[in-house]
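Please look through the model shown here.

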4 protein chains.
Amino acid sequence: MSWFQFVVKVYYDMPRVEEKRLMKALEDEGFEVKPFNVTREPLPIGGVEDHIALIRAVSMFRSLYTAAVLEANGITPINSSFTIIYSGDKILTYSVLAANSIPIPKTVISLNGDSTIKAYLQIGFPLVDKPPIGSWGRLVSLIRDWHEANIVIEHRSMMNNPQMKAHIVQEYVEMPEHRDIRCFVVGGNCLGCIYRIPKEGEWRSNVALGADVVKLDESTEACELAVKAAEALKGEVVSIDLFERKDGLVVNEVNGVPEFKGFMRATGIDVAKEVAKYVKEKLKK
Amino acid sequence: MSWFQFVVKVYYDMPRVEEKRLMKALEDEGFEVKPFNVTREPLPIGGVEDHIALIRAVSMFRSLYTAAVLEANGITPINSSFTIIYSGDKILTYSVLAANSIPIPKTVISLNGDSTIKAYLQIGFPLVDKPPIGSWGRLVSLIRDWHEANIVIEHRSMMNNPQMKAHIVQEYVEMPEHRDIRCFVVGGNCLGCIYRIPKEGEWRSNVALGADVVKLDESTEACELAVKAAEALKGEVVSIDLFERKDGLVVNEVNGVPEFKGFMRATGIDVAKEVAKYVKEKLKK
Amino acid sequence: MSWFQFVVKVYYDMPRVEEKRLMKALEDEGFEVKPFNVTREPLPIGGVEDHIALIRAVSMFRSLYTAAVLEANGITPINSSFTIIYSGDKILTYSVLAANSIPIPKTVISLNGDSTIKAYLQIGFPLVDKPPIGSWGRLVSLIRDWHEANIVIEHRSMMNNPQMKAHIVQEYVEMPEHRDIRCFVVGGNCLGCIYRIPKEGEWRSNVALGADVVKLDESTEACELAVKAAEALKGEVVSIDLFERKDGLVVNEVNGVPEFKGFMRATGIDVAKEVAKYVKEKLKK
Amino acid sequence: MSWFQFVVKVYYDMPRVEEKRLMKALEDEGFEVKPFNVTREPLPIGGVEDHIALIRAVSMFRSLYTAAVLEANGITPINSSFTIIYSGDKILTYSVLAANSIPIPKTVISLNGDSTIKAYLQIGFPLVDKPPIGSWGRLVSLIRDWHEANIVIEHRSMMNNPQMKAHIVQEYVEMPEHRDIRCFVVGGNCLGCIYRIPKEGEWRSNVALGADVVKLDESTEACELAVKAAEALKGEVVSIDLFERKDGLVVNEVNGVPEFKGFMRATGIDVAKEVAKYVKEKLKK
Ligand SMILES: Nc1ncnc2c1ncn2[C@@H]1O[C@H](COP(=O)(O)OP(=O)(O)O)[C@@H](O)[C@H]1O
Ligand SMILES: Nc1ncnc2c1ncn2[C@@H]1O[C@H](COP(=O)(O)OP(=O)(O)O)[C@@H](O)[C@H]1O
Ligand SMILES: Nc1ncnc2c1ncn2[C@@H]1O[C@H](COP(=O)(O)OP(=O)(O)O)[C@@H](O)[C@H]1O
Ligand SMILES: Nc1ncnc2c1ncn2[C@@H]1O[C@H](COP(=O)(O)OP(=O)(O)O)[C@@H](O)[C@H]1O
């Protein structure tokens with residue numbers, strides 16, 4: 001069977017620009033593309049026929065469970081369940097990165113309210129506290145003193161989800177204009193990087209919080225680190241967020257189901273096409 | 001440095017009989033034992049000195065995060081973060097087992113209410129529905145008809161935790177007296193197996209729900225499957241739950257932070273001692 | 001100042017057919033109508049100028065808080081905060097009805113899992129269990145035996161909202177075709193009643209669950225009871241749900257922010273106009 | 001029947017010092033006292049025999065539902081369901097107080113995240129934001145700038161309880177040493193008042209947060225306002241919290257199931273005895 005007869009299923013929950021672009025690009029490369037809404041159809045363990053699987057659900061757990069079921073059926077989804085859960089949970093991400101000697105912000109984990117105070121003492125103000133699960137900057141808190149510390153600890157302790165009770169306590173990495181760097185890595189190749197520059201009055205560089213995106217002209221160093229991070233997380237199609245710390249770049253995050261609208265806009269790179277081409281290359285081997 | 005100079009830290013949140021037994025047994029083997037309450041002390045990523053780590057927190061996420069942070073620090077905890085998350089989440093467990101050709105109950109995953117109805121149609125009544133996260137039989141529901149199906153779907157849809165919205169829909173495996181089989185595997189060796197027999201009026205065989213425990217005299221077959229399951233999950237110290245299906249044994253669960261009070265009572269096997277001996281053997285290599 | 005110079009504010013969160021109809025009808029009666037989105041604008045305590053207030057937020061708590069703040073400002077909203085909270089919480093409703101010697105289904109309240117078993121024993125199967133807060137039939141469960149009892153008790157115990165931990169345990173009132181009766185009362189006058197007939201396979205008569213609506217030709221008796229219930233709850237514009245028990249009618253529910261689309265369809269009565277006329281009459285006094 | 005033959009039931013969930021004291025004092029006055037654990041026994045609507053009821057559950061909703069069921073049965077509990085819900089929900093409390101022309105802190109209610117920003121603009125920093133339900137100072141936040149505002153709004157929006165989405169936005173009332181005043185009112189009589197002085201580093205005067213208690217020598221003015229507040233809430237046995245604002249006292253809170261351990265310690269007043277005597281007086285009438 002030649003590659004162009006292959007079926008690619010795109011597993012989604014809410015179709016974003018990204019999913020539409022990916023489907024179009026895969027078709028352009030000659031694949032037969034089938035969208036699969038994971039909220040509509042159940043996923044049987046066993047008995048699924050061979051296909052290429054792109055995991056694209058917005059909900060991390062939906063992506064994770066879809067990837068896992070596919071793996072049960074002998075399929076190697078892009079990305080794997082390992083990549084999705086280890087990049088989807090920030091404590092796991094930082095741990096894998098550190099285990100692979102990749103620099104990260106100075107980080108202390110606390111598993112409930114009491115020990116959080118000790119974690120704050122170890123890091124010192126200003127510090128960043130965030131829960132392991134979440135996106136778009138949600139609940140990522142810059143804490144400047146004990147007054148703010150108390151607010152965050154109290155509010156978090158009232159959330160019932162066990163993951164919300166865990167605190168990632170970090171040094172606050174001061175960056176020029178609060179901007180961070182996002183690189184896109186496909187199959188071990190770095191497509192390029194962008195700056196994400198927070199909007200006025202916001203310290204977090206999430207596009208969902210109004211950040212601007214600007215292409216990085218010189219991205220060699222960032223790309224090098226991003227590729228290492230992607231490798232550590234075994235990610236085939238991932239974006240990686242980096243911080244410029246005074247002593248060099250550190251990795252803050254790996255996205256296992258990456259959005260790329262902003263990246264495309266800033267760089268002009270057709271990410272969907274690169275992914276489709278990567279899928280084709282992979283098949284040929 | 002000879003093995004007896006090694007420090008073993010036992011990471012716990014609520015000290016149960018199991019943790020106390022383990023600490024005693026480790027001391028008896030000559031280790032220096034240090035209990036570590038993960039709710040009291042924060043866990044820094046990086047900078048931890050070498051030691052042997054036993055992960056024993058009741059809360060799955062606390063165990064997971066502790067293991068991950070230790071791995072970041074170059075330590076190989078017993079069990080690893082991989083074993084804890086993949087055995088702690090039932091969808092991931094079933095997927096890894098199936099991917100390794102280990103028989104499991106017929107299972108369909110549904111990621112929200114709508115597709116759950118389809119999953120029920122695929123499995124047929126009576127069926128079992130359970131969420132991916134949970135212990136002690138909690139929310140594991142035997143559903144006999146659409147009336148009960150509606151009750152479960154409605155109640156689950158009102159829970160806010162994203163994992164609670166996922167449904168594991170399974171064939172109901174009819175077992176003699178509803179009993180299941182639990183085996184204990186340490187370092188690839190099966191210590192033995194027990195039956196767990198539900199109390200009158202309960203169909204689930206959880207000891208927390210009043211089940212009785214009885215030693216399995218002939219456990220060769222069960223042990224063989226248990227060892228395979230432990231291997232698939234890369235578990236060093238795990239218990240494995242099996243069901244006797246008409247066509248043979250299937251694996252239902254792997255416990256990455258296993259309780260063993262009931263197992264000890266039924267078999268007379270000193271699990272804690274076996275674990276301590278395993279730790280020693282491992283070190284010698 | 002003559003009545004037609006009065007401003008009527010309609011407080012809403014999601015504008016339904018009902019709110020649109022009400023605004024139109026009030027304008028037709030000559031009022032100046034101002035919609036007020038309670039999710040967009042804050043509500044100051046004190047300093048609000050005089051107006052007529054119709055409370056129409058879908059969320060019970062939003063309606064309640066809006067009514068309360070208006071009362072703080074000397075306004076008498078339709079309905080009052082008392083009517084909204086006492087009809088919005090089913091335990092409070094049943095209590096007020098019973099205190100006013102209005103017949104209700106045989107009911108036992110249990111405040112957590114343990115005592116729920118005793119409540120079930122007091123009522124006997126089949127029985128109905130429902131939480132105090134909720135609409136559209138959600139979580140209203142018909143329980144036929146201990147197996148179903150366990151499912152409901154376990155699921156409810158996992159919900160974190162304190163109100164979800166309370167159980168209203170009731171005799172199951174067998175009705176012809178499972179239909180119940182809904183009457184509409186405005187300013188102490190009963191506009192009429194309808195049957196709500198559940199769709200095939202559903203025992204609950206909620207329109208949101210697919211029920212059909214049919215006009216009641218002879219509604220004298222139902223209306224009489226409905227007016228008494230409205231009075232007990234001090235409701236100016238309310239709908240009342242009744243069950244036909246073998247020994248006569250019993251009141252199941254009072255809706256303090258009533259929907260009336262189905263009622264209009266079945267009876268041809270222009271509820272919005274009746275409400276507008278009532279507001280005008282009230283002002284004249 | 002003479003008063004001393006009367007049964008007094010004390011409805012509780014967790015027996016605190018207060019409940020034990022009350023039972024002892026009631027016995028000393030000659031009553032037959034029966035403790036009733038509302039988490040163990042269900043509460044049938046109808047058919048309860050006459051008795052005096054003291055509502056003392058720590059959980060506001062348990063107290064509320066117990067009082068309501070008793071009222072259904074013709075009993076007048078101390079306190080009534082009206083007092084418990086209107087004092088147990090801070091938005092309802094402030095509204096009733098304001099409706100009765102009792103001074104309160106300047107307050108704006110917002111029913112979700114968006115309008116909260118407008119509410120903050122109306123009040124200005126520093127301000128206090130708190131949810132309507134809660135005790136012991138939990139989630140009561142002093143907000144000094146937009147950075148802290150964002151933290152609170154984001155965290156609250158992630159809580160699923162509908163009441164947690166409502167914001168009470170208030171002027172921050174600066175008080176000497178951050179102390180507030182608590183008075184105790186029984187049957188319309190003010191027993192006295194205390195200062196609650198926050199511990200070092202804490203701005204909230206909750207005893208649960210380490211505050212100290214000191215008797216108020218001159219409490220005439222405070223008592224006068226407290227009695228009015230008790231009356232507005234129809235509370236028979238209540239404590240009232242007051243703030244010393246520059247222009248005079250304002251009422252912050254009414255407690256419908258009041259704790260009084262701290263009050264006793266500071267004033268030497270035997271609150272339980274006063275309550276028991278009040279119950280006896282009431283019966284004589
Ligand atoms: N330790 C930190 N130092 C400085 N800025 C940080 C730090 N952590 C997070 N941020 C800022 O907050 C944003 C969101 O944090 P992040 O950890 O990426 O969470 P999310 O996955 O929700 O985007 C980052 O893009 C960055 O701008
Ligand atoms: N598919 C099934 N068929 C029959 N019994 C089952 C099935 N799934 C679960 N059970 C019963 O319910 C118990 C609890 O289920 P399990 O999946 O082990 O969850 P938990 O981790 O909470 O114990 C099992 O030990 C078994 O007795
Ligand atoms: N005790 C009962 N006996 C029989 N049917 C009931 C009983 N309670 C509820 N129902 C059915 O369930 C429907 C929904 O219950 P209800 O208490 O009205 O809750 P909701 O406010 O969510 O509609 C009712 O309209 C009725 O059809
Ligand atoms: N508007 C305010 N100004 C100043 N202090 C306040 C204000 N609101 C609350 N506080 C402080 O916070 C404490 C707790 O707030 P309160 O509204 O009484 O909630 P709780 O019922 O949880 O005690 C108060 O006792 C007081 O010390």
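## Ligand sites and chain symmetry

In the side chain of Asn252(C), an N or O atom is 3.0 Å from an oxygen atom of ligand 3. The model is a predicted one. A polar side-chain atom of Asn206(C) lies 2.7 Å from an oxygen atom of ligand 3, and a polar side-chain atom of Ser205(C) lies 2.8 Å from an oxygen atom of the ligand. On its own, ligand 3 exposes 540 Å², of which the protein buries 98%.

The shell around ligand 3 has 23 residues, and the closest are Lys130(C), Gly137(C), Ser205(C), Asn206(C) and Glu253(C). At least two residues of the shell come from each of strand E6 (127-130), strand E8 (167-171) and strand E13 (248-255) of chain C. Two domains of chain C, domain 2 (87-103 + 175-276) and domain 3 (107-171), each give at least three residues to the shell. Sorted by class, the residues around ligand 3 are 8 nonpolar, 7 polar and 8 charged.

The backbone takes part here: an N or O atom in the backbone of Val173(D) lies 2.9 Å from a nitrogen atom of ligand 4, and one in the backbone of Trp136(D) lies 3.4 Å from an oxygen atom of the ligand. From the side chain of Ser205(D), a polar atom lies 2.8 Å from an oxygen atom of ligand 4. The protein covers 98% of the 540 Å² of accessible area that ligand 4 has on its own.

The last step is to compare whole chains. Chain D is superposed on chain A by a rotation of 180° with 0.0 Å of shift along its axis, at an RMSD of 0.0 Å. That is the relation of a two-fold axis. Both copies use the same surface, as 100% of the contact residues of chain D recur in chain A.

Methods
Residues numbered from 1 in each chain as written. Chains lettered and ligands numbered in written order. Predicted model: local features only at pLDDT ≥ 70, side-chain atom pairs only at ≥ 80, totals over all residues. Heavy atoms only, no water. Polar contact = N/O pair within 3.5 Å; in protein donor to acceptor, adjacent residues only side chain to side chain. Areas by Shrake-Rupley, 256 points an atom, 1.4 Å probe, with all protein chains shown as cover. Least-squares fit on C-alpha atoms with pLDDT ≥ 70 in both. Contact = heavy atoms within 4.5 Å. Near = heavy atom within 4 Å. Helix = DSSP H or I, 4+ residues; strand = E, 2+ residues; numbered from the N terminus. Nonpolar A, V, L, I, M, F, W, Y, C, P; charged D, E, K, R; others polar. Domains from an automatic or database assignment.
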